[in-house]
Amino acid sequence: MSARTAWPVLIARSLAQLPSPLGLLPLIAALIAWQLLAPPNSPYFPPPSSWWTGIAQSAASGALWRAGAASLQTIVFGLLLATAAGVTLGILIGVSPRLARAMGPLLEFCRAMPPPAIVPLAILFLGYDERMKLTIVVISAMWPILLNTASAAQRVHPILLDVATAFRLTLLQRIRLIVFPSVMPSVLLGVRIALPLCIVLTLLVEILTSIEGVGALMIAAQRNYQSGQVYGLLVLVGLFGFLINTGFSIVQTIILRRWPPRNIQA
Amino acid sequence: MAEPIFECRSASVALAFGGQARPIVSDIGLSVHEAEFLSIVGPSGTGKTTLLRMLGGLLRPTSGEIRMRGEVLTGPPDGVVIVFQDYGNALLQWRTVAANVAFGIERHLPRKECDERVAAVLELVGLSKRASDYPWQLSGGMQQRVQIARALALRPAVLLMDEPFAALDAMTKAGLQDELLRLRDQTGTSFVFITHDIEEAVYLGDRVAVLKGSPGRIDNIVDITLPSPRDQVTTRQLPEFLAYRYDLHQAIGHG
Amino acid sequence: MAETARGRLNWTGLGVFALVLLVWEAAVRSGLIAFEFFPPPSRILLGIVALTRDGVMLQDLLHTLGSIAAGWSIAMLIGVAIGVLLGFSPTARRFGLASVEVLRPMPGIAFAPVGLLLFGFSLQTELVVTVLPTIWPVMVNTMGGIANVHPRLGDVGRTLRLSNTEIVRHLLLPAALPSIIVGARISLGLALVMAIVAEIVGNPAGLGYGIVREQQAMNPEYMFAYIAVVGILGIALNAGVVALTTALWPATSRVTL
């Protein structure tokens, strides 16, 4: 892949890497069978056509848009903050072996803590609000970014650090001009793992606490036995995840066009 | 004889291994004059890289001192630049060729002057056409030329080279050797060139220092009086060339 | 980065950990942090002891462990089976991969309402929520592992007159094993997370429910006790898989996440 390739070509190439659309056939066949076989008013397996009505109702009342906006906001801010925190801590730990040793067990314990377990804790301290939702998303989604950044920062080649010294870079210049670009591919890899985590965690907190968002909308639909809407929202959420993953891999390809190709798959 | 511009007086380096200080190079005395090409030849394990890192100010000598134009070094000095052996790691892979060459000067020069100087050194090493490519898109020989250009952009008085051609094939290596001599003539830069290849050391050098033993010591410095300009075919066939080669082999102890 | 280097204990790190606990203890006891829901570590430890003596903790731990074991095993079976099929057969990839790729990014948690709809508050809901998201890492790693096996190995099988099943069993699966183990490890971690989620929203039992129960009963030290046990369980499970795979297949022990 050439570094001079124009963006549209890069986008087209990333899209060409998606699997053949023929592969959607089993899914489509299953949905058609479901539509034909399911009783129209089934409370458990409502036919796909009723999923659409469920969603349309929710959209007409405005609830869907409000919930979508709230969830999207948490996901976006959560990802940004998790990236900032993960990269900063990761670089600090990566460049200082002493800090890595000192913080090791503590970080290991925090990382092993399943995010749902800290939800009740966060509720106690922060109460039921947007801040609490964001805190949980950031704390839990930051780990893959932190770990990827730290291990890449530890692997920056000693020769490159010699180059920095030979050119008499200050510590800040060293981090900005040498370490940060070196870890960039790994940071993006970490963000790619953190992205679906942000979505999951946002929904999780909304389902657990009923704070406004798509998760809360789903659990409310389930409580009211609006089964069509439950399935419809599930499909929407899945579609959203798929689009955002594909979108991010395009962004990744574009950013990494300057780096040697082997780093992209890493 | 004129004052040397770069000088190393009975300098030693010891590095810590498992809590113990182990001497790597010991009692090194060297001097480099303006526009001189000094080769240092030595087998592996004699501390060639340590010596070069010390000369470049990346390692402080445990005893002795290094002077640049009479000033004792305390860190990487102005006017001395290192070219590393593994260009793959020494270049910033995410910067274009031009941006790599600008790396040493971009923080100290105005934009316009920086661009001009980058264009000039790229012209000098014959890479003008690849200025906007990335290092990983170039061959090994071209990447090493980028590193040389990056060093030259700083207009150094002394260029320190650590086995710069060890990873390259014979043809590329020969081409780059002649290019170095041409650059020396055009820019008046002095070279300290470390290698394990005796023929390369003789072909390039005005003098060849032999590094030997563990810890490494300078065993012998040979003046090379071969006609200039040197030529890959005829110079290497001269009886004097073969005699130097024989003597240095003897000195290193390969018989 | 946090593992101890070559079996030596990381005393500095453990010291920092202990220091954090001490500062926490001192801050709460001296009234520096005056917060009614924030017990010092010593009270949390006493909470764990009390709950253990009571038998509740063990019962909850066993329930969660059981769900994880069941959910993880089912996910492994499904994941390896689909992964082998997709990795081995280009036709299956052509006519199935896109379906998988569309379903995969579906957040596992989003199946909780569906599980509740179908099974109410029950163990089945817990299993649905645990199994579905846990399948993907195993499946993707199995598929990748098999698809990346050098084609020569298939040729070797054919020239030795092995049947397709034998090729999969004796050549492809062993060659893909390191990759499958990585997937299994990720899945196990996920199974724990999803079991806790399910116990909080869908099945009132186990450690997850313990956290919520004690939170609602306003027993912060018991709540923290459950959280601590969940964290320790996470570390123990991961260490267990690493130890187990190292013992069973020493050749794959270098595989890390």
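User: How many residues of chain A and of chain C take part in the contact between these chains?

Analyst: A contact between chains is read by counting the residues on each side, where two residues qualify if their C-beta atoms, placed from the backbone, lie within 7 Å. In this predicted model, chain A contributes 54 residues and chain C contributes 48 residues.

User: Which elements of chain A supply the side that touches chain C?

Analyst: The elements giving two or more residues to that side are helices of chain A: H2 (25-37), H5 (97-112), H6 (115-126), H7 (130-154), H9 (171-209), H10 (214-223) and H11 (227-255). The most comes from H5(A), with eleven residues.

User: How do the residues on that side of chain A divide into nonpolar, polar and charged?

Analyst: On the side of chain A that touches chain C, 43 residues are nonpolar, nine are polar and two are charged.

User: Which pair of chains has the most contacts, and how far apart are the closest C-alpha atoms of chains B and C?

Analyst: Two pairs of chains touch, and chains A and C have the most contacts of these. Chains B and C are joined by no contact; their closest C-alpha atoms lie 15 Å apart.

User: Into which domains is chain B divided, and how many residues of each are in contact?

Analyst: Domain 1 of chain B covers 1-79 + 166-255, and domain 2 covers 87-155. Six residues of domain 1 of chain B are in contact with five residues of domain 2 of chain B. On the domain 1 side, four of the residues are nonpolar, two are polar and none is charged. The C-alpha centres of the two domains of chain B lie 25 Å apart.

Note on methods: Residues numbered from 1 in each chain as written. Chains lettered and ligands numbered in written order. Predicted model: local features only at pLDDT ≥ 70, side-chain atom pairs only at ≥ 80, totals over all residues. Domains from an automatic or database assignment. Nonpolar A, V, L, I, M, F, W, Y, C, P; charged D, E, K, R; others polar. Helix = DSSP H or I, 4+ residues; strand = E, 2+ residues; numbered from the N terminus.
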